[in-house]
Amino acid sequence: RAELTYQLDTQRQISTPAFTVTLSWSNLGAVARKAPSCRERARGVKLGREKVILRNVSGIARPGELIALMGASGAGKTTLLNVLANQNVSALYVDGSVRLNGMEVLGKSLGGAAAYVQQEDLFVGTLKVREHLRFHAALRMGSEFSMAEKMARVEQVMGDMGLHKCEDTVIGIPGKIKGISGGEKKRLAFASADRK
């Protein structure tokens, strides 16, 4: 088990264990209940029809692999990611198996072990890159971390994601405020999904 150590000052260090994760899923299914149409409501129908979004989906993501989810619009790509990360699934009936290093995790929070970048970037476009990451660090890193540790993590993430050259640039609002490039926005979104 490897360990990464970040030097904060001459008196204190924080260590983050580095570990590998294998995520596997088998026979995943997801069903959503569609709202009844106006015509159905007029006839007194209270529950809408069920819509199968995922049916018997299986796969595995091993350390060091890059996986591409491809399919037509509405094929269930985002639903699969939501089910795997246990995000935005309250309106779905989900069955099957999701395993993290062999342990069943379906319906449980994966905490810092898994995250994904949302399809749509959700940023406050008037903030600068560094301000955005400081805000995220302040919200996401608990009270067990000092402000100096949080800011050290911001610096480390900016370096890892190649964001130092745009750290003082506003994120921007498409069509209104010129900001960072599309690639920089994706890297910033990925950095924002980074846990602790």
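**Notes on the salt bridges, strands and cores**

1. Arg-99 and Glu-104 make a salt bridge, with their closest N and O atoms 3.9 Å apart. This is a predicted model, so read that distance as computed from predicted coordinates. Arg-99 counts as partly exposed at 34% relative accessibility, and Glu-104 also counts as partly exposed, at 30%.

2. Arg-99 turns up again in the strand pairing: in S5 it stands opposite Ser-24.

3. What does S3 do with S4? Strand S3 (residues 23-33) runs antiparallel to strand S4 (residues 50-61), and eight bridges join them. If you want a spot to check by eye, take Leu-28, whose bridge partner in S4 is Val-57.

4. Back to charges: the count comes to four salt bridges. One of them pairs Glu-65 with Arg-62, the closest N and O atoms being 3.6 Å apart. Glu-65 is partly exposed, with a relative accessible area of 42%; Arg-62 is partly exposed too, at 44%.

5. The pair I'd look at next is Glu-167 with Arg-130, a salt bridge whose closest N and O atoms are 2.3 Å apart. Arg-130 sits in helix H3 and Glu-167 in the loop between H4 and H5, so this pair ties together parts that are 37 residues apart in sequence. Buried or exposed, these two? Glu-167 and Arg-130 are both buried, that is, under 20% relative accessible area. Glu-155 joins in as well: Arg-130, Glu-155 and Glu-167 are linked in a network of salt bridges.

6. Now the nonpolar side. The largest nonpolar core has 15 residues, and the members that touch the most others are Val-129, Leu-133, Leu-163, Ile-180, Leu-188 and Ala-191. Helix H3 (129-140), helix H4 (147-160) and helix H5 (182-193) are the elements that give two or more residues to this core. There is also a second, separate core of twelve residues, with Leu-23, Trp-25, Ala-30 and Leu-54 among them.

7. Last, a closer look at Ile-180. Which residues does Ile-180 touch, leaving out those up to four places away in sequence? The list is Val-129, Cys-166, Thr-169, Val-170, Ile-171, Lys-185 and Leu-188. Val-129 and Leu-188 on that list are also, like Ile-180, among the core residues that touch the most other members.

Notes: Residues numbered from 1 in each chain as written. Predicted model: local features only at pLDDT ≥ 70, side-chain atom pairs only at ≥ 80, totals over all residues. Heavy atoms only, no water. Core = buried A, V, L, I, M, F, W, Y, C linked by side-chain atoms within 4.5 Å. Buried < 20%, exposed > 50% of the residue type's maximum accessible area, 1.4 Å probe, protein only. Helix = DSSP H or I, 4+ residues; strand = E, 2+ residues; numbered from the N terminus. Contact = heavy atoms within 4.5 Å. Pairing = 2+ DSSP bridges. Salt bridge = Lys/Arg side-chain N within 4 Å of Asp/Glu carboxyl O.
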